[in-house]
Amino acid sequence: MLERLTDIQKERFAIGILAAVGLMRFLNLGFLDLQAWDEALYAVRAEGILRFGGWLDQTPFAVDGLYSSLHPPLFIWLTTLSFALFGVTEFAARFFSAVLGGLTLIVIYRIGKRLADAQVGFFAALLFGLNPFVTFYARQGQFDAALVFFLSLSILFLLQALDGDSIKHSAFAGLSLGAALMTKLYVGLGIPLVYFLWMVLDHSSLKKSSNSVEQTARPTLALHHLDRKKKFWSAPGILLVAAFVVAAPWHVYMTIEH
């Protein structure tokens, strides 16, 4: 289907279809009644910030205290902003889940396009976006859609770091990972863990590839492989530093406080 289109037309077609799928998340987004547990817990925290402050720690007014205030507050802050803009409603409690759930489709498209081509990226994002399970959580006032968005964004920046400006994109990957760590406890640490496993498993193949190139009379390719190896090992360090800067202050504060 996409083979007949130019690259620009492919991009516009893919983004247009994915945007339509993303916007479907807003249909009847304000359906009545929050989930009696997760949605309600986080909405209470957000409304409590509006009423009482407590941007760093919502334990005093959170349902069951520390039990529901333990998760980091980034999504709660976004929900507070949504409440300030739209009022304390079901729609507002779910607004940023729908926004970030829709944006995740574009990120997945970009990942697939970088790893393969526009068609792979398009169908990967489309299948993800039309998955009923994914759609359900993108229409709930919970952490999940935001978490997946920040994790996907971190992966995209890591891939860009290996092929482009390593320091800049590694830092962006770390900031995205930090946002994930500020959304749900420790789940984002799966990104550096998987990356380190990839480094261990792929290091031997990179070494063999580099040695093979160095044995040929093609110094330019040899330098390219050496540069890629350098980026391959420096990216996770930059990523972890940036993530630490974003996420550590709140985690340290809550640990000391409680």
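**Helix α4 in detail**

Modeller: The mean pLDDT of the protein (the predictor's confidence in each residue, from 0 to 100) is 88, and 86% of its residues reach 70 or more. This is a predicted model, in which local features need pLDDT of at least 70 and side-chain atom pairs count only at pLDDT 80 or more, while totals for chains, interfaces and linings use all residues. Residues are numbered from 1 along each chain as its sequence is written, and side-chain values use heavy atoms, with hydrogens and water left out.

Confidence is highest in α4, at 98, and lowest in helix α10 (residues 190-215), at a mean of 67. Helices are DSSP runs of H or I with at least four residues, numbered from the N terminus. Helix α4 covers residues 74-86, and its 13 residues should span 18 Å at 1.5 Å a residue; the end C-alpha atoms are 18 Å apart, so expectation and model agree. The expected span is 1.5 Å times one less than the number of residues.

Within α4, the buried residues (under 20% relative accessible area, with a 1.4 Å probe and protein chains only) are Leu 74, Phe 75, Ile 76, Leu 78, Thr 79, Thr 80, Ser 82 and Phe 83. An α-helix has 3.6 residues a turn, so residues three or four places apart point the same way. The cover over the buried residues of α4 includes α2 (38-52), α5 (90-115), α8 (144-163) and α9 (166-181), where contact means heavy atoms within 4.5 Å. After α4 comes Gly 87, with a positive phi near 90°.

Methods
Helix = DSSP H or I, 4+ residues; strand = E, 2+ residues; numbered from the N terminus. Buried < 20%, exposed > 50% of the residue type's maximum accessible area, 1.4 Å probe, protein only.
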